[in-house]
Amino acid sequence: METSKRGQWGSSFGFLMASIGSAIGLGNLWGFPYKMGKTGGFAFLVIYLILVALVGIVLMLGEFALGRKTGKGAGGAYTALAKKYSFIGYMAVISPFLILAFYAVLGGMVLRYCLGFLVQLFGVDGFAGQGSGFFSWLLYSEQSMLLFLLLFLVCTMVIVMGGIKGGIEKFSKAVMPALGVILVVIIVFVALQPGAIEGYKFMFQPDFSLFADGASFFEVLKTASGQMFFSLSVAMGINITFGSYLSKEKKLQRNAVMVPLFDTLFALLAGMMILPACAAFGVDYAQGPGLLFASMQKVFLDGMGGTAGNLMGFLFYFLVFIAAITSSIALLEVLTAAVVDRQLDKGKEPKRKKTALVFAVLIFAIGIPVALDALGRGGAAIQAPYELLGLTPDSPGYAMWNDCWLDFYDMITEGILMPLGALLMSLLLGWVFPNLVKDECEVSGHRFKGAAYFKFCFRFVIPVVMLLVLATQIQSFFL
Ligand code: PHE
């Protein structure tokens with residue numbers, strides 16, 4: 001009864017594709033390469049991998065177990081454990097809300113680039129006469145930014161309205177394998193360009209010079225941890241929600257390992273696509289968030305040029321767009337599920353479509369500052385937080401307000417809510433309900449291998465790492 005009204009995955013493959021689809025997204029294609037480019041390549045990679053093993057995989061399993069055990073999305077799952085834990089569920093729902101607000105802005109920009117290259121293939125100028133200066137133009141073009149934000153949100157909403165099996169699962173099953181193929185095609189193409197080797201060296205040549213200075217170690221730890229949360233989609237209720245649609249025969253553990261594995265592999269491959277491409281065409285990879293846009297456009301437009309450049313450019317941005325959509329549907333689903341669960345609890349008919357629409361409208365509204373502040377470059381339609389407060393980079397507390405609305409939303413989620421949520425969840429699963437994960441994993445009749453490892457991480461490793469991350473974040477407010 002209730003399950004059918006809530007929805008359920010049609011197959012394990014579908015669930016896996018949807019979970020991997022949620023994990024793989026702009027975090028891998030935009031965040032990972034630029035953060036790696038900015039914070040020093042190899043050192044970042046090593047810390048990132050350690051965090052995935054000790055924190056990411058463990059949290060993911062915890063969330064799947066919590067969702068399937070309670071049969072509720074993030075909002076309801078904690079309440080089902082005990083009323084006093086409800087607040088953790090609410091916290092988990094704030095993150096997808098803020099993240100989707102900036103995610104959709106970036107996704108819209110990706111869509112704009114994708115269409116730009118598409119029309120170029122037909123001989124029409126796709127970049128408003130700006131060539132590789134298009135990024136700076138786009139950021140100040142209010143109409144384009146809002147229009148593409150809207151388009152991206154509409155695509156997301158339509159899929160979520162289709163429900164679990166008919167919407168999210170169907171879409172993910174169709175596009176995820178294609179994504180892998182396009183990625184491999186581009187990587188091979190890039191590898192054949194002279195000079196690409198420098199990019200691989202930057203990623204894989206051991207270099208720990210960064211750690212000579214303790215402060216930068218903690219900075220890298222904080223950046224890598226935020227990236228891990230974001231990229232794996234942990235600590236914001238996604239996996240609780242997705243787990244709740246999973247039937248009891250399915251093996252939780254295998255999925256909890258497969259998703260991070262694919263996600264990490266994909267991040268590495270994204271790095272191997274973007275960094276060598278920049279190296280080959282003489283584009284700087286330490287330039288931050290613009291890497292995916294300004295730098296990569298330059299690679300295709302000026303570096304490769306001609307039809308090949310337009311075709312590869314189109315394929316590249318199409319790949320990023322698909323990856324972004326499979327993530328944004330997960331974000332909208334968490335929010336929608338939280339409300340649908342409440343409607344069901346109250347014995348009402350669930351209103352999935354209407355709920356998804358209301359959230360899409362709200363997210364559009366809070367996405368507006370992100371779309372219109374030109375990423376904090378100044379002089380835009382909407383002022384960035386630091387401009388509103390009249391701060392300069394030397395003012396105390398500047399770091400707290402960050403450069404732009406995107407960074408600000410990002411700091412609240414990746415820097416505070418997610419580590420805090422992860423801390424609370426691991427304390428609950430490690431100390432208060434120590435058998436929950438094990439029991440839920442064994443419901444399917446399989447022995448829970450590695451129970452001791454997971455328990456140790458829940459009890460000690462995750463709390464300590466999260467406290468360090470939170471401390472680094474809080475300390476940065478005073479600098
Ligand atoms: N994991 C996605 C990415 O890497 C982003 C995301 C975060 C998706 C949270 C869903 C939930 O881009």
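A: A polar contact is a pair of N or O atoms within 3.5 Å; within protein, one must be able to donate a hydrogen and the other to accept it, and residues adjacent in sequence count only if both atoms are side-chain atoms. This is a predicted model, in which local features need pLDDT of at least 70 and side-chain atom pairs count only at pLDDT 80 or more, whereas totals for chains, interfaces and linings use all residues. Residues are numbered from 1 along each chain as its sequence is written, and side-chain values use heavy atoms, with hydrogens and water left out.

Q: Which side-chain N or O atom lies 2.7 Å from an oxygen atom of the ligand?

A: That atom belongs to the side chain of Tyr103; an N or O atom in the side chain of Asn28 is 3.2 Å from a ligand oxygen, and a backbone N or O atom of Leu26 lies 2.9 Å from one.

Q: Which helix gives the largest share of the shell around the ligand?

A: Helices are DSSP runs of H or I with at least four residues, numbered from the N terminus. Helix 3 gives the largest share, three residues.

Q: How many residues of helix 3 are buried?

A: Buried means under 20% relative accessible area, with a 1.4 Å probe and protein chains only. In helix 3, which spans residues 26-39, 13 of the 14 residues are buried.

Q: Where in helix 3 does a kink lie?

A: The bend at a residue is the angle between axes fitted to the seven residues ending there and the seven starting there. The kink, of about 25°, lies at Phe32, shortly before the proline Pro33.

Note on methods:
Helices (H or I, at least four residues) and strands (E, at least two) are DSSP runs, numbered from the N terminus. The expected span of a helix is 1.5 Å times one less than its number of residues. Buried means under 20% relative accessible area, exposed over 50%, partly exposed in between (1.4 Å probe, protein chains only).
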